[in-house]
4 protein chains.
Amino acid sequence: MVRVAIIGQGYVASIFAVGLERIKAGELGYYGVPLANELPIKVEDIQIVVSYDVDKTKIGLPLSEIVQRYWKGNVPESLQEIYVRKGVHLRSLRNLPIEATGLEDEMTLKEAVDHLVEEWKKYKVEVFLNVPTTEAFVPFGKLDELEKAIKENNKDRLTATQVYAYAAAQYAKEVGGAAFVNAIPTLIANDPAFVELAKENNLVIFGDDGATGATPLTADILGHLAQRNRHVLDIAQFNIGGNTDFLALTDKERNKSKEYTKSSVVEDILGYDAPHFIKPTGYLEPLGDKKFIAMHIEYISFNGAHDELIITGRINDSPALAGLLVDLARLGKMAVERKAFGTVYEVNAFYMKNPGPREAKNIPRIIAYEKLRQWAGLPPRYL
Amino acid sequence: MVRVAIIGQGYVASIFAVGLERIKAGELGYYGVPLANELPIKVEDIQIVVSYDVDKTKIGLPLSEIVQRYWKGNVPESLQEIYVRKGVHLRSLRNLPIEATGLEDEMTLKEAVDHLVEEWKKYKVEVFLNVPTTEAFVPFGKLDELEKAIKENNKDRLTATQVYAYAAAQYAKEVGGAAFVNAIPTLIANDPAFVELAKENNLVIFGDDGATGATPLTADILGHLAQRNRHVLDIAQFNIGGNTDFLALTDKERNKSKEYTKSSVVEDILGYDAPHFIKPTGYLEPLGDKKFIAMHIEYISFNGAHDELIITGRINDSPALAGLLVDLARLGKMAVERKAFGTVYEVNAFYMKNPGPREAKNIPRIIAYEKLRQWAGLPPRYL
Amino acid sequence: MVRVAIIGQGYVASIFAVGLERIKAGELGYYGVPLANELPIKVEDIQIVVSYDVDKTKIGLPLSEIVQRYWKGNVPESLQEIYVRKGVHLRSLRNLPIEATGLEDEMTLKEAVDHLVEEWKKYKVEVFLNVPTTEAFVPFGKLDELEKAIKENNKDRLTATQVYAYAAAQYAKEVGGAAFVNAIPTLIANDPAFVELAKENNLVIFGDDGATGATPLTADILGHLAQRNRHVLDIAQFNIGGNTDFLALTDKERNKSKEYTKSSVVEDILGYDAPHFIKPTGYLEPLGDKKFIAMHIEYISFNGAHDELIITGRINDSPALAGLLVDLARLGKMAVERKAFGTVYEVNAFYMKNPGPREAKNIPRIIAYEKLRQWAGLPPRYL
Amino acid sequence: MVRVAIIGQGYVASIFAVGLERIKAGELGYYGVPLANELPIKVEDIQIVVSYDVDKTKIGLPLSEIVQRYWKGNVPESLQEIYVRKGVHLRSLRNLPIEATGLEDEMTLKEAVDHLVEEWKKYKVEVFLNVPTTEAFVPFGKLDELEKAIKENNKDRLTATQVYAYAAAQYAKEVGGAAFVNAIPTLIANDPAFVELAKENNLVIFGDDGATGATPLTADILGHLAQRNRHVLDIAQFNIGGNTDFLALTDKERNKSKEYTKSSVVEDILGYDAPHFIKPTGYLEPLGDKKFIAMHIEYISFNGAHDELIITGRINDSPALAGLLVDLARLGKMAVERKAFGTVYEVNAFYMKNPGPREAKNIPRIIAYEKLRQWAGLPPRYL
Ligand SMILES: NC(=O)c1ccc[n+]([C@@H]2O[C@H](COP(=O)([O-])OP(=O)(O)OC[C@H]3O[C@@H](n4cnc5c(N)ncnc54)[C@H](O)[C@@H]3O)[C@@H](O)[C@H]2O)c1
Ligand SMILES: NC(=O)c1ccc[n+]([C@@H]2O[C@H](COP(=O)([O-])OP(=O)(O)OC[C@H]3O[C@@H](n4cnc5c(N)ncnc54)[C@H](O)[C@@H]3O)[C@@H](O)[C@H]2O)c1
Ligand SMILES: NC(=O)c1ccc[n+]([C@@H]2O[C@H](COP(=O)([O-])OP(=O)(O)OC[C@H]3O[C@@H](n4cnc5c(N)ncnc54)[C@H](O)[C@@H]3O)[C@@H](O)[C@H]2O)c1
Ligand SMILES: NC(=O)c1ccc[n+]([C@@H]2O[C@H](COP(=O)([O-])OP(=O)(O)OC[C@H]3O[C@@H](n4cnc5c(N)ncnc54)[C@H](O)[C@@H]3O)[C@@H](O)[C@H]2O)c1
Ligand SMILES: [Mg+2]
Ligand SMILES: [Mg+2]
Ligand SMILES: [Mg+2]
Ligand SMILES: [Mg+2]
């Protein structure tokens, strides 16, 4: 059994909840779940116990009602028993057409942290899946600065994810262990402050920013070119989508966060910083969750030959991350059992756009996958 | 030093010759050569000593003249001293607008084999790079059938590549070791008859069919999808090109050879035989050596979501293989030094579309690359 | 009212029937019908009265049952009253995994023609929509040769479409007028024998080969380039699909018919025969009716600049033609009313890949559309 | 003879100059010049007499030196005699890494206008080709407001193009006629103030924003879909390029101008405002003048079928516009001769992204081309 708390009951979390329950009900196979049912902990062992949000129209409702905004098929009955509770917002929904409310409207951040810890004890949470709206943030670097911001109730300095991760550490200390999966761009596994905090408090952190869609594909294609010693001249890549997350990214500050994590892949894999334009570019509402991706790569091959590759695609955004979460919830529990507190590169390298810790590098996902299997105690697949 | 004999002085071999000499002259870096200059044997150590062809307009000429048909830049002077000699043809140029002549017009195949062995002794050949026109062929399977065909001068049963490989084995036996790199689809490393022959005669075989262009890219993209447990619904892939090799493939029999090697990749990597249409489709003369490739892949992601990827590209065909040959020549010599007679999967898995031996499977190239480095005694790159 | 007989109750005809009835039922707008409801004859006036096929599993069944093979939604009730009757086959289903039976198995072709004419009188057919399987055919050129073939019961010389068109002419003569819409590649509107026959017998012919998918798009893109005087260097275009029509085209003879009509567009529009590879290439069953198209065009712009365009798409094959048939049925009746016997270039130029008569040329469809509107008595749209 | 003054001696103007002289020298055909040599005024009759710029490193130099920054081939000797003179800048190069100087640094705008008029009289200019850097601008609407801004030396209100167009009108009045071709997004032909000014002063205006690359292609593809009554669901289109013009567009204000003119095409042609994201997105220096374009269109076809088209391309940006200028220079002179003062829709509709006058609409270019030919007295091509 893995007892999971969701943070941010939006598109990704809703598809995660629906897909998980459909698998349990035997309606679906394990497609989109990288490790399928190979792990000692089974997909069917995952149980969502509670969810958090700050959208006024979601708080207090059961998941069965919320997922209908994102999923037109039959809603699994089991979702009627899981409720959305109030989290902290801290500008999370700024500039979005959504009315927000958060615990910090009624209490200090320190009190909110304590409040959350108490709730989590009641729900016996083992793993947190953090998928709220993309945030504009500033990393901390030093643990004492983070602690100071909490103590001083510094609402301008902290983002919701930073507060959740901090609270998760307090909780882990009290209950002896927990895992926090940060699937959004806010630096947590890449922020030494949080890694130190995690190590000291029996928290496992996975992060940052779930690797779905064009970025891990780029990683593998660049790996492919690098291995042939083809010299990449330039890379243009963009996404256009119509879900709320793309809408949120029209906000310049948030967009910057994404750009940061998406670009690190180029130099990490090629070994040089090929000129690139890699951005989640645009919002086009009718595309919905099925984004349009386009990528153009030019390179030099043997004897100076000039080649080019163009990749386009239509990719469902939320299922891609939701499928990874099915693994991450289980790997989170496994890491706690192994007492692998702090962050785990072997997991991050495959599942995350910006694998922590800070000094860690991106590698082709095809390689990362084998390292992951090894960490998870599974036999190699291709190696 | 690696003393190399070329078989088939066409586009690939000419770009190989020009690029190699330009590297030696300091005009070019190592782009397109996968292992660059990391191997103990240096790129600059490769020396082409002789070349074979059956095109009447090429036999007897120095490479410096021939490469001008394929390369418009300055021709390296060093190519003036390498000459093209007469090989065996055996229907190689059938249906092509080229007049052929071969040793078998004047002698039996057995005599031709002996004749070649004598020439090679004179040139002190260490590695053969086999890049003649794609052949229609039937593999042998059993070594005695191969030996019988040679003995009986069975010109209908044997292809030129089969005769060259047979001759290379005789030569290797006499001189104590040699390597035969089969970069074309004819099954050699995948034909147990030849692998047995090679083991018995101190021959190293690499093969079959150099992995360039869309096929290894497909391998890596399928690996990428498989690792996320995405279920591939269908794959359509085609190439259109304008070089003589594409012209040769308009011949149905030859085309079948290519199709065979290109398709094995799907089941090997996915673990199931996703429906696919993978063919070198068409000849369009003005495209020249820069082929157009297109690939369409549909797959199922988490919660039943339906995604699709489209990849198109313009890729210079011949430089892609020529760059691999720069490695293969050196690895061939290394394998001889290590007495790794027979065939070497670790090399084939990265460089070949249809890696021998027969029972061996395709794996993602990104993985194969690391195995190759290990075999070659190089430190891992991403692993 | 337009009373329509269908010939070939396959994918196209079934989507035509379903879509038409759904429009009548108010379930659908006029999307995909070029002239929407602008014509004096309304979409709702079209009535399918009978259908012909030679597939043993279809003959005798109501359309309501047959369309379920192609359409998963609700089946309009009105289709329960339309039945499939036996046609002539003449090798139409050769090499396909379908058992065929035809009138010619029981009588001579002349008798079959008379038999059909009698049936059609009973159904009071006004327009024939000819959409059977693509045929391998030889055009007649001279009317007396056609008449001779019928008289001599020459089953090897005639195709089913040629017999149907001949019968339609006999029928038109007797009833004073009818229209035959040939939406398949067999040359009818482009065969002077049939045009002469039509003129003499009060028959209107539209044809040949419905212009859907990549071909008319190519026409417009080439028109676009031609108008800027860009010099097209080469064109590669291919389709891969999974419906029975693509399966039929794996038969070499049939494929040739398609190629013929698809290629004429290049020289007609550019004014020179740019090198091209335009073929309905491959069959990949899981693609179903939604084909994958890819097109690559290179051209020279001002001051010798070298540009390229790549177009890919996923296009539902059958609805594209079915939507055109909704117009063609009505235009057919209008042409009969105007006594425009023979063939009508203004209609063909927009709707057909190979617009008859034989000497007529392809023009950009965007232009053809305005000519069509003019012929149909509609105000210009953009002109 | 047509005596041409260039305004903005950048990439477009330099390729125009080189290409024109190469045509005169017989080195090139008329590729990329829509009307080739069909007009009564011949390509060879065009003569560049003077050029204007505000880049300090260009003023005073002969074109032969400047074009070397953009063109690596042989420079036509004739360009040694054409010199670049100082224009007005008015923030034109704001935020760009170029040092600017303009007449307004030394005199009032009114004086600058008079100064230019005097120079133009000396050079006997007949047609102005306006191709300076894209401007951030506010249209005038009312002529008296424009005149007031000039009189009051209002440097914040006016852009350089507005001043040049104003000066051209003064000049035209004095010499009896001239043409001003506005190939940049600043509204001139679409600003009633300028159209009125032009009519009163014997000036012909063509504009606004040369239609090259993805926009006119979109127009034709949308026309193609509209004519089949396919219902467009959404359109995503973006360009990534590496020339100075793309760099200039990273400036938000300027980018807005482009967006404005590029988007009008959708509603004009479809008749409804399909959701779209059409933007010149990004700057990637290594792409140089050869931009990468990508377009994705989804639409509904018959019976509710859902289709999609993806178009990508590599297109040389500057030659595309330069080729149009070869026509526009000649058409400008023709319009003056015909006294077609004000603006000429028939010309604008084909050559301009935002064809003036203000109330005029975009139509498919394939149609516009035929209207243009008619206006120019040429026989129809496809009509
Ligand atoms: N493929 C992918 O979809 C993908 C990949 C990588 C990362 N991500 C990240 O996942 C996150 C979620 O994406 P989504 O598509 O589900 O977005 P979404 O907008 O549909 O859902 C976000 C949800 O979080 C809630 N929320 C916002 N602030 C909150 C807070 N402070 N506390 C609790 N809940 C809060 C919102 O109300 C909303 O319900 C985004 O940050 C995105 O960057 C997604
Ligand atoms: N990327 C690639 O180009 C690539 C990739 C994999 C495999 N290959 C294979 O490489 C081979 C060569 O390709 P290419 O583009 O250079 O073709 P090519 O047609 O330009 O050259 C082939 C040369 O071989 C010669 N030849 C033919 N039969 C011969 C014989 N029996 N003995 C000696 N010479 C003979 C021909 O005369 C010609 O000079 C082809 O078989 C092709 O399948 C190429
Ligand atoms: N976009 C398009 O789908 C498109 C475009 C242009 C032309 N066409 C043409 O339309 C035709 C039909 O396409 P489809 O996708 O419906 O194919 P299909 O295979 O689904 O249907 C053809 C039907 O015709 C029947 N048939 C075969 N021979 C016959 C005969 N002699 N008499 C009566 N019926 C006969 C078959 O049994 C089958 O039911 C093809 O010839 C194709 O070339 C299709
Ligand atoms: N396909 C195309 O390239 C295309 C299409 C449509 C419109 N345009 C427009 O054409 C213009 C020129 O494009 P380009 O690629 O040549 O750009 P560019 O940056 O290469 O050249 C612009 C030139 O104008 C000069 N300039 C700037 N302000 C000036 C002023 N006030 N007076 C005189 N000269 C001035 C600059 O110094 C530079 O030399 C741009 O406005 C662009 O929007 C280009
Ligand atoms: Mg990191
Ligand atoms: Mg094998
Ligand atoms: Mg014709
Ligand atoms: Mg306008």
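Predicted model: local features only at pLDDT ≥ 70, side-chain atom pairs only at ≥ 80, totals over all residues.
Q: How is a pair of aromatic rings described, and by what two quantities?

A: A pair of aromatic rings is described by the distance of the centres and the angle of the planes. Over all chains, the count here comes to 38 aromatic pairs. Take B:Phe238 and C:Phe238: their centres are 4.1 Å apart, with 70 degrees between the planes. Planes over 60 degrees apart count as edge-to-face, so this pair is edge-to-face.

Q: Where do B:Phe238 and C:Phe238 lie?

A: The pair crosses between chains. B:Phe238 belongs to strand 7 (residues 231–241) of chain B, and C:Phe238 to strand 7 (residues 231–241) of chain C.

Q: Is B:Phe238 buried or exposed?

A: B:Phe238 is buried, with a relative accessible area of 0%. C:Phe238 is buried too, at 1%.

Q: What kind of aromatic pair do B:Phe292 and C:Phe238 form?

A: A tilted one, at 6.2 Å centre to centre and 35 degrees between the planes. This pair also crosses between chains, with B:Phe292 in strand 9 (residues 290–300) of chain B and C:Phe238 in strand 7 of chain C. B:Phe292 is buried.

Q: Which residues of chain A form one aromatic cluster?

A: A:Tyr52, A:Trp120, A:Phe128, A:Tyr171 and A:Phe180.

Q: Which ring does the charged end of D:Arg338 sit over?

A: The ring of D:Trp375, 4.2 Å from its centre. In chain B, B:Arg157 lies over the face of B:Phe140, at 3.8 Å from the ring centre.

Q: Which residues coordinate the magnesium ion (ligand 5)?

A: A:Asn190 through OD1 and A:Pro355 through O, at 2.3 to 2.6 Å. A:Asn190 lies in the loop between strand 5 (178–182) and helix 6 (192–201) of chain A. A:Pro355 lies in the loop between helix 11 (345–351) and helix 12 (365–375) of chain A, so the pair ties together parts that are 165 residues apart in sequence. Both A:Asn190 and A:Pro355 are buried.

Q: How do side chains sit in a regular strand?

A: In a regular strand they alternate between the two faces of the sheet. Now take strand 2 (residues 46–53) of chain C: seven of its eight residues are buried.

Q: In which sense do strand 1 and strand 2 of chain C pair?

A: In the parallel sense, over six bridges. C:Ile7 has C:Tyr52 as its bridge partner in strand 2 of chain C. The chain runs from strand 1 through helix 1 (residues 11–24) to strand 2 of chain C, a right-handed β-α-β crossover. Strand 2 of chain C also pairs with strand 3 (residues 84–86) of chain C, in the parallel sense over three bridges. C:Ser51 stands opposite C:Val84 in strand 3 of chain C.

Technical notes. Residues numbered from 1 in each chain as written. Chains lettered and ligands numbered in written order. Heavy atoms only, no water. Donors = N, O, S within 2.8 Å, 3.2 Å for Na, K, Ca; no water. Helix = DSSP H or I, 4+ residues; strand = E, 2+ residues; numbered from the N terminus. Buried < 20%, exposed > 50% of the residue type's maximum accessible area, 1.4 Å probe, protein only. Phe/Tyr/Trp six-rings, centres within 6.5 Å; stacked < 30°, edge-to-face > 60°. Lys NZ or Arg CZ within 6 Å of the ring centre and 35° of its normal. Pairing = 2+ DSSP bridges. Right-handed = clockwise from strand over helix to strand, strands pointing away.
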